[in-house]
Amino acid sequence: CGTMLTNISNVLRACAQRNGAAAVISARTYADFTAQATFEVKKCDTHKLDEAPATEVVMTREEGLQYYRTMQTMRRMELKADQLYKQKIIRGFCHLYDGQEACAVGIEASINLSDHLITAYRAHGYTYTRGGTVKEIMAELTGRRGGIAKGKGGSMHMYCKNFYGGNGIVGAQVPLGAGVALACKHQGRNELCVCLYGDGAANQGQIFETYNMAALWKLPVIFVCENNRYGMGTSVERAAASTDYYKRGEFIPGLRVDGMDVLCVREATRFAAEHCRSGKGPILMELQTYRYHGHSMSDPGVSYRTREEIQEVRSKSDPISMLKDRMLSNNMASVEELKEIDVEVRKEIEDAAQFATTDPEPPLEELCNHIFYNNPPLDVRGTHPWSKLKSVS
Amino acid sequence: MDEELERDERVFLMVEEVAQYDGALQVSRGLWKKYGDKRISTLPFLRVRILIMWRSGGSGGGLLLFKTGPSLPLFQAGLRPICEFMTFNFSMQAIDQVINSAAKTYYMSAGLQPVPIVFRGPNGASAGVAAQHSQCFAAWYAHCPGLKVVSPWNSEDAKGLLKSAIREDNPVVFLENELMYGVPFEMSEESQSKDFTIPIGKAKVERPGSHVTVVSHSRLVGHCLDAAAVLAKEGIECEVINLRTIRPMDVESIEASVMKTNHLVTVEGGWPQFGVGAEICARIMEGPAFNYLDAPVTRVTGVDIPMPYAKILEDHSVPQIKDIIFSIKKTLNV
């Protein structure tokens with residue numbers, strides 16, 4: 001119970017720190033609504049573990065509302081990004097996260113902002129849960145000076161405190177994540193690193209090298225394989241000799257988790273975090289999830305899977321709908337209240353999009369900055385020898 | 001590729017996402033349907049490094065270079081793979097095998113083990129794909145003995161050079177350009193034949209001129225021609241040379257031109273330091289053309305920074321036509 005309260009207060013604290021998100025923190029519960037309820041979540045398959053995450057979990061009304069708001073914000077943000085991309089206001093690559101919201105929200109619910117997280121390029125959702133604002137994220141997508149990376153990174157290169165991106169090269173972030181965990185262990189601050197990758201990257205050599213080092217050195221890293229069934233256009237059956245991604249760590253204990261259920265993800269992450277913090281070393285979670293969009297905006301997403309399949313997941317397993325149904329059927333919120341959150345979220349997204357489309361582009365003086373850190377200013381060659389540009393740290 | 005697959009049974013293609021995705025950039029569209037799994041091997045989206053399995057023995061010598069990523073399967077004793085990188089940025093994850101296994105093997109084996117493989121894919125800057133997806137690898141690969149490095153500009157180049165690369169018995173790094181895939185060009189009757197090849201190692205004078213030699217490769221050849229058209233109106237006649245091959249570089253063509261025009265400007269998309277232009281400068285200095293130069297060689301290059309995302313910054317990170325015009329005029333002191 002003590003840890004649960006700590007978790008709740010952490011979640012609420014995190015929620016309160018977020019710009020623009022109104023936190024419902026109330027000492028008294030509304031007489032009409034249930035303060036908290038117990039829910040059953042799918043049992044996680046385990047690998048080399050004697051115990052498993054709980055299947056009966058408690059969620060409070062406040063938590064439910066916060067998860068709902070966060071997931072809805074992420075959903076709407078991605079859909080707005082889709083729109084802006086089609087209008088050519090967002091350029092280059094854009095890999096959308098809609099469908100997978102429960103993963104990001106569930107993970108963040110069981111770690112602290114002082115923990116660390118790194119992921120691949122489908123990163124907008126994590127940028128948000130790690131503390132980025134919708135405004136900063138959207139302005140980064142549109143390449144403006146108010147973007148979280150000042151417009152220099154774009155969709156795949158967003159960073160914030162204790163969030164190391166946003167990485168474009170498949171799998172390259174996994175060894176980095178273990179490195180962050182090594183730093184955590186070295187500095188003895190009881191922090192851990194959540195290190196994410198997809199089913200596509202899961203077959204790479206560098207992933208296995210990382211498993212090896214993390215296990216040898218007992219690094220506090222939670223490896224998370226977001227298995228959305230398709231690596232670009234290749235289904236897991238055509239890509240992997242073994243699709244039991246939670247077992248692929250072999251000597252690393254693993255969990256297979258229902259990635260569409262935010263509570264299941266939260267519970268599994270809680271279990272995994274405890275494992276890491278107790279010094280037992282790395283652990284691997286496979287989150288079974290689904291992306292509604294194609295691999296990126298240049299992929300319609302239907303040449304390698306059927307529309308029926310997408311529709312079925314949407315109607316039966318959508319993470320936001322699932323949470324909504326749970327809250328309504330347990331009298332934890334009213335339809336109107338949730339609708340009001342929807343309206344607020346919509347407004348937040350509209351305002352952010354407005355900002356993202358009107359904020360000016362970065363100034364040309366920024367072009368050469370941030371080559372080196374803590375370095376005296378240096379000259380940078382432009383496109384020809386008479387173009388001498390300046391770089392400051 | 002279709003024609004070469006038809007012509008020689010030993011040729012086969014290994015591409016990520018080629019079957020149901022039709023190849024990420026559609027370059028291999030339709031080939032899987034036509035040739036099937038035996039000739040077109042689709043790889044899952046992995047970008048993993050190469051797993052080398054040596055299968056040596058006897059005169060038939062087996063060298064199996066198997067890359068479970070932007071693939072590099074290299075079956076010696078018969079097969080001639082074409083390995084597609086979704087972009088050359090991902091080749092860095094496999095670059096050890098491109099250099100240490102492909103480039104150096106024939107030398108290390110003292111002639112026992114040739115490596116007839118083509119690595120192809122888009123190289124260099126695209127549009128809005130940011131720092132990790134915009135790098136030009138021409139200088140990186142051209143630095144290494146044992147590799148041939150080709151960089152086509154137009155459709156004729158792409159066809160003729162690719163066919164030569166596939167027929168070539170040595171490893172060829174074939175640097176395409178994503179922004180050029182959709183650009184149509186007129187093709188001569190001759191270039192439409194199934195046996196049309198362009199020799200590797202020979203540059204082409206795309207536009208003759210007498211005042212300045214402008215040397216470029218890939219997409220920027222077009223920019224140079226545009227700049228030349230503008231300058232022609234001011235009475236400046238540029239001789240535009242399309243390198244076509246980076247390694248082995250056709251220095252003789254450049255020298256012959258410089259000995260005529262006395263001025264040289266190089267134009268590339270990649271970073272300046274240790275780049276294609278830098279090599280051209282060095283080679284010109286070491287050869288007869290140096291004495292014909294009336295001014296130092298000017299290099300027009302990408303800006304020496306990682307590629308930013310924002311459009312205004314990206315536009316200022318790559319050579320524009322106006323930069324080429326400015327540089328030519330400065331070199332000519334006009």
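I take buried to mean under 20% relative accessible area, exposed over 50%, and partly exposed in between, with a 1.4 Å probe and protein chains only.

**Entry 1: conventions.** I worked on a predicted model, in which local features need pLDDT of at least 70 and side-chain atom pairs count only at pLDDT 80 or more, while totals for chains, interfaces and linings use all residues. Residues are numbered from 1 along each chain as its sequence is written, chains are lettered from A and ligands numbered from 1 in the order in which they are written, and side-chain values use heavy atoms, with hydrogens and water left out.

**Entry 2: Thr301(B).** I looked up Thr301(B) and found that it counts as buried, because its relative accessibility is 0%. Thr301(B) sits in the loop between S15 and H10 of chain B; helices (H or I, at least four residues) and strands (E, at least two) are DSSP runs, numbered from the N terminus. I then listed its contacts (heavy atoms within 4.5 Å). Leaving aside neighbours within four places in sequence, Thr301(B) touches residues of chain A, including Arg381(A), Gly382(A) and Thr383(A), and residues of chain B, among them Trp271(B) and Pro319(B). The side chains of Thr301(B) and Arg381(A) are joined by a polar contact of 3.1 Å. A polar contact is a pair of N or O atoms within 3.5 Å; within protein, one must be able to donate a hydrogen and the other to accept it, and residues adjacent in sequence count only if both atoms are side-chain atoms.

**Entry 3: the interface.** I found 50 residues of chain B in contact with 51 residues of chain A. The two chains bury about 4,100 Å² between them, 62% of it on carbon and sulfur atoms; buried area is the accessible area (1.4 Å probe) that two parts lose on being put together, summed over both. I counted 1 salt bridge between chain B and chain A, the criterion being a side-chain nitrogen of Lys or Arg within 4 Å of a carboxyl oxygen of Asp or Glu. Arg91(A) and Glu314(B) form a salt bridge, with their closest N and O atoms 3.1 Å apart. On the side of chain B that touches chain A, H11(B) gives the most, with 5 residues.

**Entry 4: Pro184(B).** I placed Pro184(B) in the loop between strand S9 (172-176) and strand S10 (204-207) of chain B. Pro184(B) counts as exposed because its relative accessibility is 71%.
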